[in-house]
Amino acid sequence: MSNRLKELLQDCSVEASAPCRIDMGGTLDIPVFYYALHHLSPCTFNAALALRTKVTLCANDSDAVKVSSRGFESAEFELDSAPFDHPLGIIFAIAVYYRAHGIHITVESDSPPKSALGGSSAAALAVIAAFDRAYQELGERALPVRRSVALAHDIESAVLGIPCGLQDQLAAAYGGVNAWYWTVSPDGPRFEKQSLMGKKEAREFEKRILVAYCGIPHVSADVNTTWMKQFVSGSTRDKWVQIAGLTADFVDAVDKKDFPRAIEAMNKEVDLRLEMTPDVLNPIMHRLVQAAKENAAGARFTGAGAGGCVWALGEEDKMEAIKDLWSKILADEEGAHLLDAGVDPDGVLVSQR
């Protein structure tokens, strides 16, 4: 089958793209958290951003698998010696899963590298979607979306060697603005989806949000590991009970378009995280958060923070002032900038050329 795949891609290429996301209530999508807190119906909010990660599959000149991605040196290995501990290891692991001899995978991302917007998960989901389309052309059955999400998540968790959440893959797969509820039934799905707004409402929601890259890449593993160790020890479980409640309140408020209540829940959630891990916000992120608060808005790190991005939620008439303040703050950090990121109503998209 792998030889047929290369032959197919010599005649055409397959492209897929998936969106990044902003979020609230992350970490609750990691099993150790949502199993212990299942009586609280824990959920995570995210909104897909019109910052897409695009992947292209085509034939390679040799029988090795090659991966090219902006910000990294292209790498090429024989399939069965491709290293999973490489900076592009997740992509290589997916190629090995699909037995992709002689394939060149190109990754192009609209988001900054290590921006804590879920870009690596979006890339993984898009690569899987591209391979799935190619194998459909060879007569294989299409992979259900839920299975694609699970496959991307499981490969990423295995390669990284740490428990990972599921929200990044879900935003990439489904797009839009959603709440995700984490389930514990051994025979049921891992999640339940609550759509919070349609396309027209999402266009209005865009006017209330702002996203900034702080110029410093995030290191989520350190923060997540700290949160997990604290939670497992029992020392911070009361705070996570509060975080679960605040996230649920945030979701309910957004659903009802009660944005002052959503802003209050957002800021209280960040305060709790800061108590547990003060370095979840670096100095420039602190300044961005404070500027938003001074204009009656909420502001939060994306993902597990410690670099990457900050996003704000506020009343529409306040956002222009916050944008001006953030632009001045970001000017002090090389590489920092506002992101032109609206809400993307679509999840993963696939095409063939």
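A disulfide is taken here to be a pair of cysteine sulfur atoms within 2.5 Å of each other. The model is predicted, so local features need pLDDT of at least 70 and side-chain atom pairs count only at pLDDT 80 or more, while totals for chains, interfaces and linings use all residues. Residues are numbered from 1 along each chain as its sequence is written, and side-chain values use heavy atoms, with hydrogens and water left out.

View 1. The disulfide count comes to zero. Cys 12, at 11% relative accessibility, counts as buried, whereas Cys 58, at 22%, counts as partly exposed (buried means under 20% relative accessible area, exposed over 50%, and partly exposed in between, with a 1.4 Å probe and protein chains only).

**View 2. Phe 250 in the largest nonpolar core.** Such a core is a set of buried Ala, Val, Leu, Ile, Met, Phe, Trp, Tyr and Cys residues joined through side-chain atoms within 4.5 Å. Of its 72 residues, Phe 45, Phe 205, Phe 250, Leu 313 and Trp 326 touch the most other members. Beyond its neighbours within four places in sequence, Phe 250 is in contact (heavy atoms within 4.5 Å) with residues including Met 24, Phe 45, Trp 311 and Leu 313. A second, separate core of 52 residues includes Leu 79 and Ile 90.
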